[in-house]
Amino acid sequence: MATIYIDTNIFMNESFFRSAQAQAFLKACSILQISVAVPDIVIDEVLGNFPKKLKAKAKAFQSAQKELGRLVDLEMKTISVSQEIDDYKDWLYEIIEEKGVLIPPYPEISLQDLVRKSYESSKPFKENGEGHKDFLVWETTKKHIESKETAPPNYFLTNNIKDFGAKDGEDRDILHPDLAKQIEEVVRQPKLYTSLKAAFDNILAPNLQDITLDEVPDLNADDLQELADKYLLDDLPQRTAFGFEGVPFSNDVSISSVGSSEVEDVQLKKVDDEVVINVNGTVDIEVFGFIDKHAYYLDLENDEGPDISVEDADWNDHVMAVSAYIETAFELSLFYSVEHKAVTGYEVNLPQEIEDDWYK
């Protein structure tokens, strides 16, 4: 029985595991009898970060309501932050118990040893010695693997590539060799995945039941195209990225508008009373960003890449603000409830998006 270990950033990126993706993931693990392990330090980090995130979002929500109230007749809503924090904590421990999530305890390490380890500058510590929480996450995971309480294969889910990851010969993300070799038995060394979706697609989906669109009530190909158009339009405008493949400008690129989309492939997996529908296709978008003036005129001279429109030729002394229309691939995951005959959640991914060298 495989075991999947989850780092803090993965947990938080999935709306603190309240996303439809996270719920389908836990349900699929339960069906396939795959253990999910969340280190105790991760639980503490999640419970420590949730109030901060909630307070920031609640403050922004109240401010937006106040501004809108000056323009339209609006019924103001209040959020009880303290009550929501308590409710989330109750929900978290309830789902941990319900889904049988393992909570490996903190490793037995003295504060003195922790300080000494930080000065060794070995992974997952940064060169400046920062990273004691990452170290505790890894030590917890390593000790639990070495305890042999669960059987291999093991998987480690983290978005922190800088401190936990490396690249193999084919430029794929792998667990850093310095960490892998700390576990003597090669068969027990965990394979690294950088998102819950990647883990679902590669570990779980191959073992789940395939079904066809004809077997899903009240849903057909036209409906999927309409849903793709709707969710892409809901999700993509103002989305920011480090850049897009094939676009000659990068660093702080945003999507200005969304055009038509085309569904090219659909795959469906049955997860108990829910269906995970992966929709792949292309979508036309307008992207806005900045380009070095010299690079702009060089690209113009060489006639390379997409047609670029200049929005502000003198944004500053070095760059100009530009935009371009491009066609890019999209991946849309829909979570469909058979019982309610409705979509309960969705996730949009743009494979050609270039992310900043920083984990979320």
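I began with the rule for patches: they are made of residues with over 30% relative accessible area and no salt bridge, like charges being joined within 9 Å and nonpolar side chains (Val, Leu, Ile, Met, Phe, Trp, Tyr) within 5 Å. A salt bridge is a side-chain nitrogen of Lys or Arg within 4 Å of a carboxyl oxygen of Asp or Glu. Accessible areas come from the Shrake-Rupley method with a 1.4 Å probe, and for residues only the protein chains shown count as cover.

I noted that this is a predicted model, in which local features need pLDDT of at least 70 and side-chain atom pairs count only at pLDDT 80 or more, while totals for chains, interfaces and linings use all residues. Residues are numbered from 1 along each chain as its sequence is written, and side-chain values use heavy atoms, without hydrogens and water.

**Entry: surface patch.** I found a nonpolar surface patch of about 480 Å², made by Leu68, Leu71, Val72, Leu74 and Met76. I placed Leu74 in the loop between helix 3 (40-69) and helix 4 (81-99); helices (H or I, at least four residues) and strands (E, at least two) are DSSP runs, numbered from the N terminus. Leu74 counts as partly exposed because its relative accessibility is 33%; buried means under 20%, exposed over 50%, and partly exposed in between.

**Entry: cores.** I looked up nonpolar cores, which are sets of buried Ala, Val, Leu, Ile, Met, Phe, Trp, Tyr and Cys residues joined through side-chain atoms within 4.5 Å. The largest has 57 residues, and those with the most contacts inside it are Ile4, Ile6, Phe25, Leu157, Phe200 and Leu204. Helix 2 (residues 20-32) supplies the largest share of this core, 7 residues. Apart from it lies another core of 37 residues, among them Val216, Val283, Phe330 and Val348.

**Entry: Leu204.** I located Leu204 in helix 9 (residues 196-204). Leu204 counts as buried because its relative accessibility is 0%. Leaving aside neighbours within four places in sequence, Leu204 is in contact (heavy atoms within 4.5 Å) with Ile4, Phe25, Ala28, Cys29, Leu32, Ile34 and Ala199.

**Entry: backbone.** Most residues other than glycine have a negative phi, and most peptide bonds are trans. I recorded a cis peptide bond from Lys123 to Pro124, with omega near 5°, and a cis bond from Pro152 to Pro153, with omega near 10°. Ser15, not a glycine, has a positive phi of about 50°; I placed Ser15 in the loop between helix 1 (8-13) and helix 2. Lys148, also not a glycine, has a positive phi of about 60°, and I found Lys148 in the loop between helix 6 and strand 3.

Terms used. Buried means under 20% relative accessible area, exposed over 50%, partly exposed in between (1.4 Å probe, protein chains only).
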